[in-house]
Amino acid sequence: MGRHFLQIPGPTNVPDRVLRAIDAPTIDHRGPAFAELGREVLEGMAEVMRTDGPVVIYPSSGTGAWEAALVNTLSPGNRVLAFETGHFATLWRAMAERLGLEVDWVEGDWRHGVDPDKVASVLRSDPSIAAVMVVHNETSTGVTSRVAEVREAIDAAGSDALLLVDTISSLASIDYRHDEWGVDVTVGGSQKGLMLPPGLGFNAVSQKALKASETARLPRSFWDWQAMLAANARGFFPYTPATNLIRGLGEAIAMLHEEGLDNVFARHARHGEATRRAARAWGLEIQCADPREVSNSLTAVVMPEGQSADGLRAHILRRFNLSLGNGLSKLNDRVFRIGHLGDFSDLMLAGTLSGVEMGLRERGVALEGSGVAAALDYLSRTNLRPD
Ligand code: PLP
């Protein structure tokens, strides 16, 4: 009984308002009502991604938007710089290689973000690098890279490389500024901070990236920005858009607007900190090793040696109807991930942490203290909406 707790780090809980918006008759995607909606969501997404430039919306998952970022800006044999921050950075690298790019891969320990100093030193030693690929928020580890510092490093190295940033698990939950941070292509997805079901992928595109797309030679058709932008100017799409998801997107943007993006970020920061305090009180380590890089949209908690994270997750699902994220590839069975992003409140966090704490106890994990008590204490002392 009761509602399922979907506390994986995406897809996230979809608010009823968004569900109601999607639950409407499908409209003519070439008619005037859609043109108005199309223009409205394109403008709204530019605000969310904090850009004055164009945003492209694909009927795709985030992986499609990754591919679009690469094939629109690069040519076969181009060298790109990428960092092993975790599972998703590794997948994006594999895609780049399959597309015929040469990846300069900086190995990592899955506990740190992109090192801006390393960006500068690699770019200085190899001026041929055409793009730097950064996963802003590594969903497999709960580590947030410092994108503004990466930009400064690229500039300090005097490099002309494009900056491509994956914000799939940070968009609309962790502070992010496409224009101000000089990002060339921002990649996003609908199913996390945007509070929608999966099915929409996004690119925010700088003028420099648009210019690069004029000469980029990687093959592309479905992902081509030019056809999209031409149709988008009138509120339309070059092929059938995901009309009902786009209605939901309009509602999600309205909700973000009503709350205010800065308040959205502050809410996520507070829930992230409360979750980290819970882990500390339990006496459990988190996967992120650098306090400057902790993620406000998810926390990956490391299980004590000899204890199975997957066993814990299965137990918690069975007992409390609560889904937690699993450890991916290298972290398989070693960590469980608590998603605290999207449509999420103090009491949802309290319920989630309660389920985790009871599960840990029932599985015989020795805890130093109550993480729930530590989190509630922090939440009460930092109430964002005092009377
Ligand atoms: N990048 C990051 C950071 C992600 O978290 C994900 C999915 O969780 C992806 C890329 C891939 O996106 P999708 O599964 O929507 O294709």
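A polar contact here is a pair of N or O atoms within 3.5 Å; within protein, one must be able to donate a hydrogen and the other to accept it, and residues adjacent in sequence count only if both atoms are side-chain atoms. This is a predicted model, so local features need pLDDT of at least 70 and side-chain atom pairs count only at pLDDT 80 or more, while totals for chains, interfaces and linings use all residues. Residues are numbered from 1 along each chain as its sequence is written, and side-chain values use heavy atoms, with hydrogens and water left out.

**View 1. The two domains.** The protein chain splits into domain 1 (5–11 + 260–381) and domain 2 (16–258), with bounds from an automatic or database domain assignment. Their C-alpha centres sit 27 Å apart.

**View 2. What gets buried.** Together the domains bury about 2700 Å², 55% of it on carbon and sulfur atoms; this is accessible area (1.4 Å probe) lost when the two parts are put together, summed over both.

**View 3. Polar links across the interface.** Between domain 1 and domain 2 there are 19 residue pairs in polar contact (both at pLDDT 80 or more). The domains also share four salt bridges, each a side-chain nitrogen of Lys or Arg within 4 Å of a carboxyl oxygen of Asp or Glu.

**View 4. E84 and K330.** These two side chains pair up in a salt bridge, at 2.6 Å from N to O.
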